[in-house]
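Dear colleague,

I am passing on the structure we discussed, and my notes on it follow below. Please read them with the coordinates open beside you.

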Amino acid sequence: MEVFLIRVLQFMLAISLLVLLHEGGHFFFSKLFGVRVEKFYLFFDWKFSLFKFKPKNSDTEYGVGWIPLGGYCKISGMIDESFDTEQMKQPAQPWEFRTKPAWQRLLIMIGGVLVNFLLALFIYSQILFWWGDTYIPVKDMTLGMKFNQEAKSYGFQDGDILVGTDLKTFKDFSADLYRDISEAHRVDIIRDGKPMSITLPGNLNLLGMLKADPSFVRPLLPAQVDSILPGSPATGIGLQKGDKILALNGAPIDSYNEFVDQLGRRHDMLLTAKSQADSLKARTVSIVFGNDTRCDTTSVILTPDLKLGFIIKSIADIYNPVTTEYGFLESIPAGIKYGWHVLASYVDDMKYVFSAEGAKSLGGFGAIGSLFPPMWDWYMFWKMTAFLSIILAFMNILPIPALDGGHVLFLLYEMITRRKPSENFMIKAEYVGFGILILLMVFANLNDILRWLGYM
């Protein structure tokens, strides 16, 4: 419960900040061009609000709604998600959105997206300034990688040290490494101390590589015990610090990765168990472990979530991370470059959304919230906030009615053709766009529920 609450708090804080600043972008340009803003709200206030106030001599009501699905800035004389058609039937006023030149209306509409994008670049710059860029170079992972069967079909072998591709040298182990491999025609490796190259088609399915279980490539971790959890099954069988797991149910264990894979097969058995006896059978395993002076073989009953109860050294414990530090001025171009790379990668990955597997990968509030760490970490909080700001900017500029991008599309049409779409058309388009957004939101959150229930 504590982990859940910490993630919820981080998610709500990040979203609230991003929504306020996004709507603040619309607000700023509206005020700049003399357009009246009737309401400025965090969250939606359908029927009632949690809090509201209207400063003296101000045209704007500020408040907090009770539906935490975003926020809005109600601009006079504009067809938006409020669907206030009565206002549009009245004579146009000089302070209304509809009476302003198209270029001013365009800036008002892109104000939110602009703020979110600039905010992301600013946060990335400040992250680099305060924390620097800390990572473990892939070439320094001297134990090499663990590959799945698909990767081995292309010629990779467990223990290969990844160096780079015909496109670039690998930096760290991240989604970028998968992306580079998926687009590469040649991957350079070191095998048994000798440089080698592996030929690839150049069009591997990135989503398939990431979702594969076991995944396409992972850092190889030794199956060596670093510490024992008190009261765990590991304590009962005498497992000790420094011991290595040598075999599980007769299958040789050459790494912690292989140990996890073998337990994954027991998990499949546990899912199909129809009785308590079946569950107990799935949880009972034969294990061989030891060190240089002894070797023990025993049977053990794993915990209900198939844990033995030991911890291995992390990647950061095995290898020495390197940190690139940035001065304040240096951090600005570095942050811009990093943010642009994040945006370009996200846009490039959008093509997978239109595949069956991509659609299943869509997630709602639960999926987004789970991206935050289980403990409060300001570094990860700001990194996730910047990433969400990039996503919010990109999603809002999509040419879908009811989104900023839909309004921008119609404004560009007006500026090019000198013809303004009718108010009746704009109202119908808003309804259609709003309906599309509701369906997408329902679909994404339904995926979250199905994943939580174990159906996906």
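A residue is called exposed when its relative accessible area is over 50%, and buried when that value is under 20%, with partly exposed in between. Please keep in mind that this is a predicted model.

Lys139, with a relative accessible area of 52%, is therefore exposed, and Lys139 forms a salt bridge with Asp140, in which the closest N and O atoms are 3.3 Å apart. Asp140 itself is partly exposed, at 31% relative accessibility.

Other charged pairs bring in buried residues. The side chains of Arg191 and Asp160 meet in a salt bridge of 2.8 Å, N to O; because Arg191 lies in strand β6 and Asp160 in the loop between α4 (149–153) and β5, the pair ties together parts that are 31 residues apart in sequence. Arg191 is buried at 13%, and Asp160 is buried at 1% relative accessibility. Asp133, also buried, at 17%, forms a salt bridge with Lys171, with 2.5 Å between the closest N and O atoms.

Conventions. Residues are numbered from 1 along each chain as its sequence is written. This is a predicted model: local features need pLDDT of at least 70, side-chain atom pairs count only at pLDDT 80 or more; totals for chains, interfaces and linings use all residues. Side-chain values use heavy atoms; hydrogens and water are left out. A salt bridge is a side-chain nitrogen of Lys or Arg within 4 Å of a carboxyl oxygen of Asp or Glu. Buried means under 20% relative accessible area, exposed over 50%, partly exposed in between (1.4 Å probe, protein chains only). Helices (H or I, at least four residues) and strands (E, at least two) are DSSP runs, numbered from the N terminus.
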